[in-house]
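Thanks for coming, everyone. I'd like to walk you through one fold this morning, so please have a look at the screen.

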Amino acid sequence: MAGAVLAAFAGLVSCLAWPVAEARPDHRPNVIVVLTDDQRWDGFDAMPWLTSELARTGSGWETFPNAFANTPLCCPARASLLTGRYARHTGVLDNGDGANLDESSTLATWLHGAGYRTGLVGKYLNTYPFGRLPYVPPGWDRFVAKRNQSGVTVYRDFHVVDQGSPVFVQSYATDWLGEKALDFVRTAPTTQPFFLLFAPSAPHPPWLPAPRHEGTDADLSVAEPPNVVGALRGAPPWVRSRPEPSAAQRATWLDDQRRADETLLSVDETLHAIVETLGARLDDTYIFVLSDNGYSFGEHRWEGKKCPYEACVRIPLAVHVLEGTGGERPAVVSIVDLAPTIMSLAGVASTARVDGKRFAAWIEPRISTLSEPKNEAVYLEWAGDAEIPAWMAVRTSSLKLIRYGDGFEELYDIGGRVGSADPWEMVNRVADPRYAGILTRLRTLLGQYVGRG
């Protein structure tokens, strides 16, 4: 009798219970950004697996040879990538300004708020955690941030903040971080789209490759650019004041470049492993591979970043697309364009103000090119320091105008728009009457960017 009563009660409850809706699959794409550190614009040549994919018909990899860092320095570039804003708007003008970033409004918070699982593995912003206790910035579900405290910790014996807890690691940095990135991909729920920012330190100085790659490029011939010791007509005072490098210094630069390329072999292996781990999910995953800035190995008598020349501002950019056979895309793009592009591909709206323009139509064929404004030029800037004075520039697909704080200007016909092509920026055309109309147009473009406030 009691059993019959209980059975009847259970039946009544089941009739009154609310129906449970089945979980619907989320078909939005995954997004992975592989952000290297100080990789030159031609640096994909040092990544054999990626190079083979770029050359393979139907691989789905597209390249953007006209890609640039708006501010060619690590921390400002990374802040711009996360926000789509210029350095003068993020407040991150130098490597010591990371604390100025508004972490409440970034790609991480926008995508996390829209239901994405988000992860960062690798370098975040220089000097993180900015004198505070270790913490996880808003928007990151998984946060493994490598601290960059000195040159000796770039590749080994470094500190990490893993979900807010400090960890000391003695392993080779790219390999250790790569395993963390692979774990994020492996454990990502198939019912939820994800965003991963994987940011290894390679090929940042001091260029220490993994032991298995040491000496791989020892016999590789590296050509010295002609603007290392060649005549630079119309160069600015800061360049003219620099001494011509010695033969020993020039040889060191070539050897440094070989070792920088060797550090990228482990990045290439990790990228390959990520693609293999994705398996069938690769068909639903956009992968962006780029650098935060370039690096000058003696061009214009300069070693390092921050300069307005191609060695510093031009960066490699490749994208794995969901549809398409691959190839080169002519669009002129920059780091501030990445955030709005990723948001567009993810179908996520944001009220945050951005400076960049999305280039999703070059990646996703279902997005009309008519719906997206194209860059005639990209805006580049550096706030200045004791080594290189403040400058601003505009770069089109073939031309560049640079203006310094004191009004000095440089105009380079990189692609041979009027005269001979000058890819090494060795002849300043600002006083050439054949370029008068071009100079006027570029000055107008520069004024428009500056006038945006």
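How many bridges join strand E5 to strand E6, and which way do the two run? Three bridges join E5 (residues 142-146) to E6 (residues 158-162), and the two strands run antiparallel.

Before going on, a word on where this comes from. This is a predicted model, where local features need pLDDT of at least 70, side-chain atom pairs count only at pLDDT 80 or more, and totals for chains, interfaces and linings use all residues. Residues are numbered from 1 along each chain as its sequence is written, and side-chain values use heavy atoms, with hydrogens and water left out.

My helix and strand names follow DSSP runs, numbered from the N terminus: helices are H or I with at least four residues, strands are E with at least two. Two strands pair if DSSP finds at least two bridges between them.

Back to E6. Lys146 has Val160 of E6 as its bridge partner, and Ala145 has Val161. On to E7: five bridges join E6 to E7, again antiparallel, and here Val160 is partnered with Val167 of E7. E6 and E7 make a hairpin with two residues between them, and Gln163 in that turn has a positive phi of about 55°. Four of the five residues of E6 are buried, where buried means under 20% relative accessible area with a 1.4 Å probe, protein chains only.

Now let's zoom out. Ten strands form an open sheet of mixed pairing, in the order E7-E6-E5-E4-E8-E1-E9-E12-E2-E13. E7 (165-169) and E13 (327-328) stand at the edges with a single partner strand each, so one side of each has no neighbour in the sheet.

What lies across this sheet? Helix H3 (residues 74-83) lies across E1 (30-36), E4 (117-123), E8 (194-199) and E9 (285-291), running at about 170° to E1. Angles here run from 0 to 180 degrees between N-to-C directions, and axes are lines fitted to C-alpha atoms, for helices over the stretch in contact. Ten of the ten residues of H3 are buried, so the helix is largely enclosed by the rest of the structure. Gly84 follows H3, with a positive phi near 75°. Helix H10 (residues 338-346) lies across E1, E8 and E9, at about 175° to E9.

Next, the cores. A nonpolar core is a set of buried Ala, Val, Leu, Ile, Met, Phe, Trp, Tyr and Cys residues joined through side-chain atoms within 4.5 Å. The largest has 51 residues, and Tyr124, Phe195, Phe288 and Leu290 have the most contacts inside it. H10 gives the most to this core, with six residues. Leaving aside neighbours within four places in sequence, Tyr124 is in contact (heavy atoms within 4.5 Å) with residues including Arg78, Leu82, Trp140 and Phe143. A second, separate core of 39 residues includes Trp49 and Val289.

Trp49 brings me to my last stop. Helix H2 (residues 48-55) and helix H8 (residues 247-278) pack at about 55°, with axes 7 Å apart. Pro48, Trp49 and Leu50 of H2 make the contact with Leu265, Asp268, Leu271, His272 and Val275 of H8.

Technical notes
Buried means under 20% relative accessible area, exposed over 50%, partly exposed in between (1.4 Å probe, protein chains only).
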